Amino acid sequence: MNSMKNALRVISPIIIYLCVEQVVGFLINFFYTMSIYDSSKEWSQEVENELYEALYDMLSKNMILITGVISAICLLIFYIMMNREWRKRTYYIEETKPIYIKYLYVAAASVGLTVAANLAINAFEVFSYAGDYTQIADVLYSEPLYLQILIIGILAPVCEELMFRGLIYERLSSLSNPRSAMIVTSILFGVFHGTVIQIIYAFFFSLFMIYAYRRAGSFLAPVMFHIISNLTCIGLSQIDPLSSMGYSVGIVLFAMIGLYGLYMLKNGHFFTVVHTNRQMDGNLGEMPD
C-alpha cells in the first residue's frame, strides 16, 4: 500500500501535467470547432472531415503557443507544490562566494555538451532515421523566433525543471539513494519527451542537469542548464549545415568545453549544508555536504 502511495506521489507531477494538457486541448478544440462550425449546413461526413482538417491545421500552427499555455499553468501549480514541500526541509543551503563562478561552469557545461551532441546528431544524420521527430522539429522551428525563445527556450524548461528536478527527483531521493533517484528521474524525463531520439537525448541531459544541481547546491543550476541548452538548440537551428571538417572540429571543441564545465563543478566547493533543529515534516532528499 505504501509502495503504491509513494509511486503515485512520485509521478503525480506528470499526471497533473497530462491532465492540464488534456483539459487545455479539449477547451481549445471545443471553442475553435464552435467558432468555425456553420450550423446552417447539414451535418455530413464531408463537414466532419472539413472540421477535422481545419482543427488539425490550427493545432499544427499553434503548437508552441498551446505548449506555452500548458507550461504556464503547470509552472504555477508545480511552484506552489515545490515551495510547500521545500519549506519542510530541516536544512538550508549556504552558498560559497563568489556565487556566480559555479553558474559560469554550468553555462559552459550546458553550451558545450548541447552543441557537441547536436553536431554529432547532424553529422551522423541521426534524424534521417526518426521521421516522427523531424516532423515535430519542423513545426516547432517554423514558429516565430520570439515564441521559440519565450516558450521553448524559457517557459517550458522552467516548468520541466520544477516537475522533474524540483519535485520528482527530490521525492525519489527521499525514498532511495541519490544515484537511483538520478537514473529513475532521467528515465521518466526521457519518456516524457516521446520520440526515440528525444528519449535518449533527454535521458543523458537529465543526468547532466541533476549532476549540476547536486554539485552546485542550487536549484537555479539545472534551470539555467536547461534554459541555456534549449536556447542553444534554437540558435543551432538558425545556422546552415557545416562541412565534415566543421562538424569534427566543433564536436571535439565543444565536448571539451562541456566536460571542462562538469569537471570544474566536480572539483569545486560551492555550498555548505546547514542543518536546523526543526523536525522533518515531509519527505525531501538532502543535497550532499
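Okay, let's start with a ring and a charge: Arg 165 lies over the face of Phe 189, at 4.3 Å from the ring centre. Phe 189 also belongs to an aromatic cluster, together with Tyr 17, Phe 164 and Phe 192. Before I go on, please keep in mind that this is a predicted model.

There's a second case of a charge over a ring. Arg 89 sits over the face of Trp 86, and here the distance to the ring centre is 4.0 Å.

While we're on rings, how many aromatic pairs does a search of the whole structure find? It turns up 14. One of the pairs is Tyr 201 with Phe 205, and that one is stacked, with 4.5 Å from centre to centre and 15 degrees between the planes. Both residues are in helix H8, residues 196-216, and because they are four residues apart, about one helical turn separates them. In general, an α-helix has 3.6 residues a turn, so residues three or four places apart point the same way. Are the two partners buried or exposed? Tyr 201 has 22% relative accessibility, so it counts as partly exposed. Phe 205, at 5%, counts as buried.

Let me step back to the whole chain. The protein has ten helices and two strands. Reading along the sequence, you get α-α-α-β-α-α-α-α-α-α-α-β. The C-alpha trace spans about 70 × 55 × 30 Å along its principal axes. There are 289 residues, and 40% of them count as buried. If you take contacts between residues at least 6 apart in sequence, 81% join residues at least 24 apart.

Now for the inside. The largest nonpolar core has 46 residues. Among those with the most contacts inside that core are Tyr 17, Ile 70, Cys 74, Phe 78 and Phe 225. You'll remember Tyr 17 from the aromatic cluster. What does Phe 78 touch, leaving out residues up to four places away in sequence? The list is Pro 13, Ile 16, Tyr 17, Cys 159, Leu 162, Met 163 and Leu 167. As a general point, nonpolar side chains in soluble globular proteins tend to be buried together.

Helix H3 has a part in this too. It runs over residues 63-86, and from first C-alpha to last it reaches 33 Å, close to the 34 Å expected for its 24 residues. Its buried residues include Ile 64, Ile 70, Cys 74 and Phe 78, but Glu 85 is on that list as well. So what is Glu 85 joined to? Its side chain makes a polar contact of 2.2 Å with the side chain of Arg 171. Arg 171 is in helix H6, residues 145-175, and with 4% relative accessibility it counts as buried.

Next, a spot in the loop between strand S1 and helix H4, where Pro 98 has its place. The peptide bond from Lys 97 to Pro 98 is cis, and omega is near -5 degrees. For background, most peptide bonds are trans.

That brings us into H4, residues 100-123, and to Ser 110. Ser 110 is at 0% relative accessibility, so it counts as buried. Where do its polar side-chain atoms go? One of them lies 2.7 Å from the backbone oxygen of Phe 225. The side chain also reaches the backbone nitrogen of Ser 229, at 3.1 Å. Beyond its neighbours within four places in sequence, Ser 110 is in contact with Phe 225, Ile 228 and Ser 229.

Last stop, helix H10, residues 244-267. Its 24 residues should span 34 Å at 1.5 Å a residue, and its end C-alpha atoms are 35 Å apart, which agrees. The buried residues here are Tyr 247, Gly 250, Gly 258, Gly 261, Leu 262 and Leu 265, and what covers them includes H4 and H8. Take Gly 258, which counts as buried because its relative accessibility is 0%. Which residues does Gly 258 touch, not counting those up to four places away in sequence? They are Ala 108, Ala 109, Gly 112 and Leu 113. Gly 258 and Ala 108 are 150 residues apart in sequence, yet C-alpha to C-alpha they are 5.7 Å apart in space.

Note on methods: Residues are numbered from 1 along each chain as its sequence is written. This is a predicted model: local features need pLDDT of at least 70, side-chain atom pairs count only at pLDDT 80 or more; totals for chains, interfaces and linings use all residues. Side-chain values use heavy atoms; hydrogens and water are left out. Buried means under 20% relative accessible area, exposed over 50%, partly exposed in between (1.4 Å probe, protein chains only). A polar contact is a pair of N or O atoms within 3.5 Å; within protein, one must be able to donate a hydrogen and the other to accept it, and residues adjacent in sequence count only if both atoms are side-chain atoms. Contact means heavy atoms within 4.5 Å. A nonpolar core is a set of buried Ala, Val, Leu, Ile, Met, Phe, Trp, Tyr and Cys residues joined through side-chain atoms within 4.5 Å. The expected span of a helix is 1.5 Å times one less than its number of residues. Rings of Phe, Tyr and Trp (its six-membered ring) pair if their centres lie within 6.5 Å; planes under 30 degrees apart count as stacked, over 60 as edge-to-face and the rest as tilted. A charge sits over a ring if NZ of Lys or CZ of Arg is within 6 Å of the ring centre and within 35 degrees of the ring normal.
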